[in-house]
Amino acid sequence: MNELVSVHRASAIIGPMDGRAAEAAAARAQELGVPIVLLSPTGRPTSIGPMVHRLFPTPSAEVHALLANAHRAGQRTVAAFLP
């Protein structure tokens, strides 16, 4: 992160995919004031600060969105196939 910002003058960062690496990168990006878009669906790194964003929703956020859409469509029964 430090090299991307100080040497390469990155104005925004995309990645990483690994959950632990994403949280560490998010914390450093927040400290440096550089926006970061994470590719990891795990953890809660967006709670670190306003510079941290996530490309993919968490599984729970995805389920909540699907249920909200079903509710708005008037569906009273839903089923889910989970791996």
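Me: A polar contact is a pair of N or O atoms within 3.5 Å; inside protein, one atom must be able to donate a hydrogen and the other to accept it, and residues adjacent in sequence count only if both atoms are side-chain atoms. How far does the backbone oxygen of Met17 lie from a polar atom of the side chain of Ser40?

Reply: This is a predicted model, in which local features need pLDDT of at least 70 and side-chain atom pairs count only at pLDDT 80 or more, while totals for chains, interfaces and linings use all residues. Residues are numbered from 1 along each chain as its sequence is written, and side-chain values use heavy atoms, with hydrogens and water left out. The backbone oxygen of Met17 and the polar side-chain atom of Ser40 are 3.3 Å apart, which is within the limit of 3.5 Å, so the pair is called a polar contact.

Me: Is Ser40 buried or exposed, and how do you know that?

Reply: Buried means under 20% relative accessible area, exposed means over 50%, and partly exposed is in between, using a 1.4 Å probe and protein chains only. Ser40 has 1% relative accessibility, so Ser40 counts as buried. This serine lies in the loop between β2 (36-38) and β3 (52-54). Contact means heavy atoms within 4.5 Å, and, leaving aside residues up to four places away in sequence, Ser40 touches Pro16, Met17, Asp18, Gly19, Ala22 and Arg54.

Me: Which residues does Pro16 bring into view as a partner in a cis peptide bond, and what is omega there?

Reply: Gly15 and Pro16 are joined by a cis peptide bond, with omega of about -5 degrees. Pro16 sits in the loop between β1 and α2 (19-32). Most residues other than glycine have a negative phi, and most peptide bonds are trans. Arg9 has a positive phi, about 55 degrees, although Arg9 is not a glycine. Arg9 is in the loop between α1 (2-6) and β1, and is called exposed because its relative accessible area is 65%.

Me: What makes the contact between Glu31 and Arg28 a salt bridge, and how far apart are N and O?

Reply: A salt bridge is a side-chain nitrogen of Lys or Arg within 4 Å of a carboxyl oxygen of Asp or Glu. The side chains of Glu31 and Arg28 meet at 2.7 Å, N to O, so the pair falls within the limit. The structure holds one salt bridge. Glu31 and Arg28 are three residues apart in helix α2, so they are separated by about one helical turn. Glu31 counts as exposed at 58% relative accessibility, whereas Arg28 is partly exposed, with 28%.

Me: Why are β1 and β3 called edge strands?

Reply: Helices (H or I, at least four residues) and strands (E, at least two) are DSSP runs, numbered from the N terminus, and two strands pair if DSSP finds at least two bridges between them. The open sheet has three strands in the order β1-β2-β3, with parallel pairing. β1 (13-14) and β3 each pair on one side only, and they are the edge strands. Leu38 has Arg54 in β3 as its bridge partner.

Me: What makes Val63, Leu67 and Val78 a nonpolar patch?

Reply: Patches are made of residues with over 30% relative accessible area and no salt bridge, with like charges joined within 9 Å and nonpolar side chains (Val, Leu, Ile, Met, Phe, Trp, Tyr) within 5 Å. Val63, in helix α3 (residues 59-72), has a relative accessible area of 44% and is therefore partly exposed, so Val63 passes the area requirement of over 30%. Together, the three residues have about 250 Å² of accessible area, a value from the Shrake-Rupley method with a 1.4 Å probe, for which only the protein chains shown count as cover.
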